[in-house]
Amino acid sequence: MKERIIGLINEFVKEYKSEKDTFTDWESPLVAFADAHDPLFLKLKEAVSKTHKLPTEFLRKAETVISYFLPFQEETVMSNVGGKYCSKEWAIAYIETNRLIMDLNNFLAQELSKIGFESRVLPPTHNFNTEKLISDWSHKHVAFIAGLGRLGFHRMLITEKGCCGRLGSLITSAKIEPTKRPNKEFCLYMHNGSCMECVKKCTFGALKEDLYDRHKCYRVCLLNADFHSEVGFADVCGKCACGVPCSFTNPVK
Ligand code: SF4
Ligand code: SF4
């Protein structure tokens, strides 16, 4: 089952550009599986936000959470190094990847239903309270629980293929063996106190050595959404993730 799901995700992503004629292309995805009853889901609800749902609150028969990372290609990432606004390529990649995640989740749900399993498809983003900026399902934290990577100082997930890309997840009643969580940090700062390149990249004062101001960060994202309104609603920035040691890889390895 595990190999089948990984194969389906890989195949879907590989064909997506030519099938949908997207501007963006993606590197091959990373996939991980969490036990829907993992106690960390309850901890997440208690520690991060009471509004965060447990997998079983979305799907009563939940057994597994499938989490995946869709890495952007190098050109997309390098286009977003420097400058005030995010690059047009980055804005388009954000929008097209959100669509890809919805399409991929619907496809996976269909495939799983053919073999008798239920699924709950979660939207890639915009499932958060716009005042408190807290969501009912954090793909980033879910990906951490599933063992897809570790959180970086810039508050993004760093995977074995870096942090430049997008995360998606799906809850299913299929029981799939969970992935082992990595027990070492992937961020250089968390590992040995070095780096902080991400802080230098945030020229907006949202990410500093001693604070992360998510409201300031989101205001920057909204400026980008205005600036790139012709491509859709790209409330994204990502300057702290581009052109840094963890952009494409786990730098601690
Ligand atoms: S740029 Fe350096 S300090 Fe910042 S998240 Fe990446 S590895 Fe960690
Ligand atoms: S996404 Fe942009 S505004 Fe937010 S912390 Fe990173 S560089 Fe700063």
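Predicted model: local features only at pLDDT ≥ 70, side-chain atom pairs only at ≥ 80, totals over all residues.

Student: Which residue stands opposite Val65 in S2?

Tutor: That is Ala34. Another facing pair is Phe33 with Ile66 in S2.

Student: What does S2 pair with besides that, and over how many bridges?

Tutor: S2 also pairs with strand S8 (residues 165–172), again in the antiparallel sense, and here there are eight bridges. In that pairing, Leu70 stands opposite Arg166 in S8.

Student: So what is the order of the strands in the sheet?

Tutor: The order is S1-S2-S8-S3, an open sheet of four strands with antiparallel pairing. S1 and strand S3 (119–121) are at the edges; each has a single partner strand, so one side of each lacks a neighbour in the sheet. On average, neighbouring strands of this sheet are turned by 25 degrees against each other, direction ignored.

Student: Which helix packs on the sheet, and which strands does it touch?

Tutor: H1 does, and it touches S1 and S2. The direction of H1 makes about 140 degrees with that of S1.

Student: How many residues of S1 are buried?

Tutor: Five of the six residues in S1 (residues 30–35) are buried, which leaves the strand mostly covered.

Student: And how many of S2's residues are buried?

Tutor: Eight of eight, so S2 is largely enclosed by the rest of the structure.

Student: OK, helices now. At what angle do H1 and H5 pack?

Tutor: Helix H1 (residues 2–20) and helix H5 (residues 88–114) pack at about 135 degrees, and their axes are 10 Å apart. That angle makes them oblique to each other. Their crossing is right-handed.

Student: Which residues meet there?

Tutor: From H1 you have Arg4, Ile5, Leu8, Ile9, Phe12, Val13, Tyr16 and Lys20. They meet Glu96, Arg99, Leu100, Asp103, Leu104, Phe107, Leu108, Glu111 and Leu112 in H5. Sorted by class, this contact of H1 with H5 has 11 nonpolar and six charged residues, with no polar ones.

Student: While we're on H5, is Tyr94 buried or exposed?

Tutor: Tyr94, which sits in helix H5, counts as buried at 4% relative accessibility.

Student: How far apart are Tyr94 and Pro182 in space?

Tutor: C-alpha to C-alpha, Tyr94 and Pro182 are 27 Å apart, and 88 residues separate them in sequence.

Student: Let's switch to the other helix pair. What is the angle between H2 and H6?

Tutor: Helix H2 (residues 39–47) and helix H6 (residues 139–146) pack at about 150 degrees, with 10 Å between their axes. H2 and H6 are therefore roughly antiparallel to each other, and their crossing is right-handed.

Student: What residues make that contact?

Tutor: Leu40, Phe41 and Leu44 in H2 meet His141, Val142, Phe144 and Ile145 in H6. By class, the contact of H2 with H6 has six nonpolar residues, one polar and no charged ones.

Student: Last topic, backbone angles. What is phi for Arg155?

Tutor: Phi of Arg155 is near 70 degrees, which is positive even though the residue is not a glycine. Arg155 is in the loop between strand S6 (149–151) and strand S7 (157–159). Arg155 is partly exposed, with a relative accessible area of 30%.

Student: And where does Met196 lie?

Tutor: Met196 is in the loop between helix H7 (188–192) and helix H8 (197–201). Met196 is not a glycine either, yet its phi is positive, about 60 degrees.

Student: Is Met196 buried or exposed?

Tutor: Met196 is buried, with a relative accessible area of 11%.

Note on methods
Residues numbered from 1 in each chain as written. Chains lettered and ligands numbered in written order. Heavy atoms only, no water. Axes fitted to C-alpha atoms, helices over the stretch in contact; angles between N-to-C directions. Helix = DSSP H or I, 4+ residues; strand = E, 2+ residues; numbered from the N terminus. Parallel < 35°, antiparallel > 145°, perpendicular 65-115°, else oblique. Left-handed = near helix turned anticlockwise from the far one by under 90°. Contact = heavy atoms within 4.5 Å. Nonpolar A, V, L, I, M, F, W, Y, C, P; charged D, E, K, R; others polar. Buried < 20%, exposed > 50% of the residue type's maximum accessible area, 1.4 Å probe, protein only. Pairing = 2+ DSSP bridges.
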